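Trainee: I would like to go through this model with you and ask, for each label, what value stands behind it.

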Amino acid sequence: MKNAAITIHSQTSSPSLTRLIEFLQSCGVMVELCHDPSLINYSPYFMFDEKLILLSEDLRISYDWVKEFKTHQKKKYSIHNEPFAKALGLKNKRNISLLDTSGGTGKDAILAYSFGLSVDIYERNVDAFCLLACAFLRFRDSDCYNEQFPMNLKLGTLNADVDLGHYDCVFFDPMYPQKKKKSAKARKEMELFKEIIGPDDDADSYLEQLIHKHHYVVFKRPSFAPKLHKPSYSYEGRTTRYDIYRKV
Ligand SMILES: C[S@@+](CC[C@H](N)C(=O)[O-])C[C@H]1O[C@@H](n2cnc3c(N)ncnc32)[C@H](O)[C@@H]1O
């Protein structure tokens, strides 16, 4: 894991910034705060409108889970048709607890949360984690968050001693080399994200560990990617495939 230390630039102090810093510190990230605008080019992070923004050349990354959640709610997905919902095994169950082992931008975690799942998220990349943390805290304060369905965010990867027994489902979505052409903006954002995160070269062996440790693992892949470790079955989305590893 990269050294867990970041510098955040902010013109002003605010309760949300203080809370973000406290949360990051409680997760083991060392945070330095800088109020000097002349130094902004030396740090890619700054705080604007309660959002943590990661700046690189002309691109900015920040997440708004509240907006995303509300968009999902409006779409009123059918859990019988939506491939991700089918893959998570929602058809016949209620009160499902999901472990998302690869947080990334949190998009999948928020989609799962909009289906009514409790979600624990792990993310090992510090840069990705800091952006997630800011979105997570803002989401948890919003009226979209339901305490009956808790959500937690953790920095790091699963230790061998973490007990997965109380999760109904384990989800893994590592980085995969992109083949298909995307729009210029999406491509740029994807490239920046990939540059920040780097490849998940250990995905194959990590998947193997997860399959060994849990009876229901959902592995997300691009549709063109080869299948690994003989999944029990798969659900095909438009561009994505969900490979299910299920022990009966
Ligand atoms: C393709 S992205 C995940 C995308 C995510 N599903 C989303 O909705 O944005 C992969 C992310 O998983 C993280 N990751 C990969 N392997 C991991 C592991 N073993 N433990 C924790 N995080 C991991 C990477 O750092 C990266 O941020």
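This is a predicted model: local features need pLDDT of at least 70, side-chain atom pairs count only at pLDDT 80 or more; totals for chains, interfaces and linings use all residues.

Trainee: Why is phenylalanine 219 called buried?

Mentor: Phenylalanine 219 has 25 other C-beta atoms within 10 Å, and a residue is buried if 20 or more lie within that distance of its own, exposed if 12 or fewer, and partly exposed in between, with C-beta atoms placed from the backbone. The value of 25 therefore makes phenylalanine 219 buried.

Trainee: Which residues does phenylalanine 219 touch, not counting those up to four places away in sequence?

Mentor: Phenylalanine 219 touches Phe172, Leu207, Asp243 and Tyr245, where contact requires backbone-placed C-beta atoms within 7 Å. Alanine 133, by comparison, is 86 residues from phenylalanine 219 in sequence, and their C-alpha atoms are 24 Å apart.

Trainee: What makes valine 170 count as buried?

Mentor: Valine 170, in strand E9 (residues 169–172), has 22 C-beta neighbours inside 10 Å and therefore counts as buried. Leaving out residues up to four places away in sequence, valine 170 touches Leu99, Thr101, Leu164, Leu210, His214, Tyr216 and Val217. Between the C-alpha atoms of valine 170 and serine 234, which are 64 residues apart along the chain, the separation is 15 Å.

Trainee: And why is glycine 237 called partly exposed?

Mentor: Glycine 237 sits in the loop between strand E11 (233–236) and strand E12 (240–246), and its 15 other C-beta atoms within 10 Å make it partly exposed. Its C-alpha atom is 35 Å from that of tyrosine 45, at 192 residues along the chain.

Trainee: Why do lysine 76 and histidine 229 count as exposed?

Mentor: Lysine 76 has 7 C-beta neighbours inside 10 Å, so it counts as exposed; histidine 229 has 12 and therefore counts as exposed too. Lysine 76 is in the loop between helix H2 (65–75) and helix H3 (83–87), whereas histidine 229 is in the loop between E10 and E11. Neither residue is a glycine, yet phi is positive in lysine 76, at about 45°, and in histidine 229, near 55°. Most residues other than glycine have a negative phi.

Trainee: How do you know that the span of helix H1 agrees with its number of residues?

Mentor: H1 (residues 15–26) has 12 residues and should span 16 Å at 1.5 Å a residue, and its end C-alpha atoms are 16 Å apart, so the two agree; the expected span is 1.5 Å times one less than the number of residues.

Trainee: What puts the buried residues of H1 on the same side?

Mentor: The buried residues of H1 are Leu20, Ile21 and Leu24. They cover an arc of only 95° around the axis, which puts them on the same side of H1, the arc being that of the directions from the helix axis to the C-beta atoms. On the other side of H1, Pro15, Thr18, Glu22 and Ser26 are exposed. The cover over the buried residues of H1 includes strand E2 (30–34), strand E4 (51–56) and helix H5 (126–140). After H1 comes glycine 28, with a positive phi near 95°.

Trainee: How is the protein divided into domains?

Mentor: There is domain 1 (5–61) and domain 2 (65–246), with bounds from an automatic or database domain assignment. Their centres, taken over C-alpha atoms, are 26 Å apart, and 16 residues of domain 1 are in contact with 12 residues of domain 2. H1, E4 and strand E5 (59–61) each supply at least two residues of the side of domain 1 that touches domain 2.

Trainee: Finally, what makes the protein as compact as a globular protein of its length?

Mentor: The protein, with seven helices and 12 strands, has a radius of gyration of 18 Å, close to the 18 Å that the globule rule gives for 248 residues, so it is as compact as a globular protein of that length. The radius is taken over C-alpha atoms, and the rule is 2.2 Å times the number of residues to the power 0.38. Of the 248 residues, 29% count as buried.

Definitions and conventions. Residues are numbered from 1 along each chain as its sequence is written. Helices (H or I, at least four residues) and strands (E, at least two) are DSSP runs, numbered from the N terminus. Two residues are in contact if their C-beta atoms, placed from the backbone, lie within 7 Å.
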